[in-house]
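This briefing is meant to be read beside the sequence and the 3D view. It begins with the sheet, moves on to the helices, and ends with values for the whole chain.

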Amino acid sequence: MAAGPASLVTSKWIRAAFAIATKLHLGNTSLNGSSFTRFSTKSALPVLTLYTKHVCPLCDEAKVAIESYRHRFQFEEVDIKAKGNETWFEKYRYEIPVFHLNGSFLMKHRVNEEVLERELSKFEEQQRG
């Protein structure tokens, strides 16, 4: 069966809708295209951000330590030495690894699993709320 004009339009629409839904689900963009806009929904996961740099053995250890919790948050890494991250470099150059949960400081130097568990549980309880 040959594809007609209607099926081509439908196919393009489906691909575009899927691309938008994927971006929204990942929390990287909004419908207007602005970066890092997140939507507040009951099903959203908190964002755990690791401030790090290239060649950071403590950061590598920290990533291993949080692995069993990964299903409970979205994970982002910020390279403090990357262009545009000068503020983070000045703030954390002697402190990494540093973790933020939803934009607020959580812990530094080593993973404190008690703190991580407590804050993730608190977030999950608020979501059930």
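**Sheet, helices and overall values**

In this predicted model, 4 strands come together in an open sheet of mixed pairing, and their order across the sheet is S2-S1-S3-S4. The edges are held by strand S2 (74-79) and strand S4 (104-108), and because each of these has a single partner strand, one side of each is left without a neighbour in the sheet. On average, and with direction ignored, neighbouring strands of this sheet are turned by 25 degrees against each other.

**Strand pairing**

- Strands of a sheet pair through backbone hydrogen bonds, and this can happen in a parallel or an antiparallel manner.
- Strand S1 (residues 47-52) and S2 run parallel, and they are joined by 6 bridges.

- Helix H2 (residues 57-66) lies across S1, S2 and strand S3 (98-101), and its direction runs at about 160 degrees to S1.
- Helix H4 (residues 113-128) also packs on the sheet, where it touches S1, S3 and S4, and the direction of H4 makes about 155 degrees with that of S4.

- Which residues of H2 are buried? They are Cys-59, Ala-62 and Ile-66.
- When the helix is viewed down its axis, the buried residues of H2 fall within an arc of 55 degrees, and they therefore line one face of the helix.
- An α-helix has 3.6 residues a turn, so residues three or four places apart point the same way.
- The partners against which the buried residues of H2 pack are S1, S2, S3 and H4.
- On the face of H2 turned away from its buried side, the exposed residues are Pro-57 and Val-64.

**The protein as a whole**

- The protein contains 4 helices and 4 strands, and along the sequence these follow the pattern α-β-α-β-α-β-β-α.
- Of the 129 residues in the protein, 28% are buried, where buried stands for a relative accessible area under 20%.
- Among the contacts in the protein that have a separation of 6 or more, 60% are accounted for by residues 24 or more positions apart.
- The accessible surface of the protein is computed at about 9100 Å², and 58% of this surface belongs to carbon and sulfur atoms.

Definitions and conventions: Residues numbered from 1 in each chain as written. Predicted model: local features only at pLDDT ≥ 70, side-chain atom pairs only at ≥ 80, totals over all residues. Heavy atoms only, no water. Pairing = 2+ DSSP bridges. Helix = DSSP H or I, 4+ residues; strand = E, 2+ residues; numbered from the N terminus. Axes fitted to C-alpha atoms, helices over the stretch in contact; angles between N-to-C directions. Contact = heavy atoms within 4.5 Å. Buried < 20%, exposed > 50% of the residue type's maximum accessible area, 1.4 Å probe, protein only. Arc of directions from axis to C-beta. Areas by Shrake-Rupley, 256 points an atom, 1.4 Å probe, with all protein chains shown as cover.
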